[in-house]
Amino acid sequence: MQPRRVTHGISPKSVLIVNKLRTKPVVEAIEALLKYINEKYPEVQVYHEDRPDIPPNAKVWRPGPNAEPIDLVITLGGDGTILHASSLFKVGAVPPVLSFSMGTLGFLLPFHIDDYTKAIDSAFAGRITLLHRMRLSCSFQDSGGEHVDTYCDDWQVMNEIALHRGSSPHLNTIDVFVDGQHLTEAVSDGLIVATPTGSTAYSLSAGGPIVHPSLSAIVLTPICPRSLSFRPLVFPSSSSITLRISERSRASAGLSMDGQISRVLSPGESVTVRASLHPIPCINRSSITEPPQIRHGEEEGAIGGMSGEGVGPGKEDDWVRDINNLLQYNATFRSKALAKYSRS
């Protein structure tokens, strides 16, 4: 699932704006963004969630099977705003997502709001790179193994599904099955099933591996396991993982999806997690770093179309930037000191 270069343009007829709480900076950003779209792309219809703080000149959009079709999603906020945008499209394909940070740091925020004109023009003109970020879907079974019809059945999650003991003082006992085969009985505070995107979220805090988001994989990470030999595992995206609360478990388990508590599983009940058929197509920052002279030919004096240090424009990997800038990956005492010195 490599990043895909788009050259034909999105040419959206409808745009959905999803934003965090409307603080003054968010209000000002939305006003500037809407003004720019209305003036330069007057044929585009702008939608917004059905909230009391809906901006002027935007139509109300409600998720569901009868929702108005959306060609492009624009988010303003942090990583949580993108997770919320993902949850609005529980069924079916998801439109490309253009994400702007509002002074927050996150792995899913390739653009700063100051770059909104360049980013929007690049998206509409087709100078974009799409990274299809994998999602997970889940279904529930009762103690008899029968399917449970629930409003969360079609829930598509972008980061992780977590089973945890919540406020119970007792550890959970959870049987783990992979493609129907019993893998292990886990006695722990809980288990996390994460996407590569979610590998840098809750799973990472629990000791899970960092997985590049272009890979198709499912990460299983224990939360404070009783066994020292229970290590995180990475499965192919074709795997089906079932987590069943053991009849011998002294506690029920709370189930959360992308940080939202959805239900409680009692002993005998289970949840089955699979890769969703509908990933999130995210627009990368490399979309606005491609100069015309490189788009139409190699720059004079460049070797192989690349000049200077680093990768060529349009090929930058946002993830590599983020694990260095946000996680300070493999930062030694010396490198930290040099970075501090360079800022002073």
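**Terms and the values behind them**

Mentor: Let us begin with the chain as a whole: among its contacts with a separation of 6 or more, 70% are between residues 24 or more positions apart. Contact means heavy atoms within 4.5 Å. This is a predicted model, in which local features need pLDDT of at least 70 and side-chain atom pairs count only at pLDDT 80 or more, while totals for chains, interfaces and linings use all residues. Residues are numbered from 1 along each chain as its sequence is written, and side-chain values use heavy atoms, with hydrogens and water left out.

Trainee: How many helices and strands does the chain have?

Mentor: The chain has seven helices and 22 strands. Helices (H or I, at least four residues) and strands (E, at least two) are DSSP runs, numbered from the N terminus.

Trainee: Why is Ser 101 called buried?

Mentor: Buried means under 20% relative accessible area, exposed means over 50%, and partly exposed lies in between, with a 1.4 Å probe and protein chains only. Ser 101 has a relative accessible area of 7%, and is therefore buried. Ser 101 belongs to strand E6. Beyond residues up to four places away in sequence, Ser 101 touches Gly 77, Leu 109, Phe 111, His 112 and Ile 113. In the chain of 344 residues, buried residues make up 50%.

Trainee: What makes E6 a mostly covered strand?

Mentor: Five of the five residues of E6 are buried. In a regular strand the side chains alternate between the two faces of the sheet. In E6, Val 97, Ser 99 and Ser 101 are on one side and Leu 98 and Phe 100 on the other, and all are buried, so both faces are covered.

Trainee: How do you know that E5 and E6 pair?

Mentor: Two strands pair if DSSP finds at least two bridges between them. E5 and E6 have five bridges, in the parallel sense.

Trainee: What makes a set of residues a nonpolar core?

Mentor: A nonpolar core is a set of buried Ala, Val, Leu, Ile, Met, Phe, Trp, Tyr and Cys residues joined through side-chain atoms within 4.5 Å. The largest such core here has 29 residues, and those with the most contacts inside it are Ile 74, Leu 76, Leu 98, Phe 100 and Ile 120. Two or more residues each come from strand E2 (14-19), helix H1 (24-40), strand E5 (72-77), strand E6 (97-101), helix H3 (116-125) and strand E8 (128-133). H1 gives the most, with seven residues. A second, separate core has 27 residues and includes Ile 161, Val 176, Ile 218 and Leu 255.

Trainee: Why is the pair of Lys 40 and Asp 121 called a salt bridge?

Mentor: A salt bridge is a side-chain nitrogen of Lys or Arg within 4 Å of a carboxyl oxygen of Asp or Glu. The closest N and O atoms of Lys 40 and Asp 121 are 3.2 Å apart, and the pair therefore meets the rule. The pair links distant parts of the chain, with Lys 40 in helix H1 and Asp 121 in helix H3, 81 residues apart. Lys 40, at 45%, is partly exposed, whereas Asp 121, at 17%, is buried. The same rule gives a count of seven salt bridges.

Trainee: How do you know that Arg 165 and Asp 189 also qualify?

Mentor: The distance from N to O is 2.7 Å, and the pair is therefore a salt bridge. Arg 165 and Asp 189 are 24 residues apart. Arg 165 is partly exposed at 26%, and Asp 189 is buried at 16%.

Trainee: What makes Ile 210, Leu 327 and Tyr 329 a patch?

Mentor: Patches are made of residues with over 30% relative accessible area and no salt bridge, like charges being joined within 9 Å and nonpolar side chains (Val, Leu, Ile, Met, Phe, Trp, Tyr) within 5 Å. Ile 210 has 33% relative accessibility, and counts as partly exposed. Ile 210, Leu 327 and Tyr 329 together form a nonpolar patch with about 260 Å² of accessible area. Accessible areas come from the Shrake-Rupley method with a 1.4 Å probe, and for residues only the protein chains shown count as cover.
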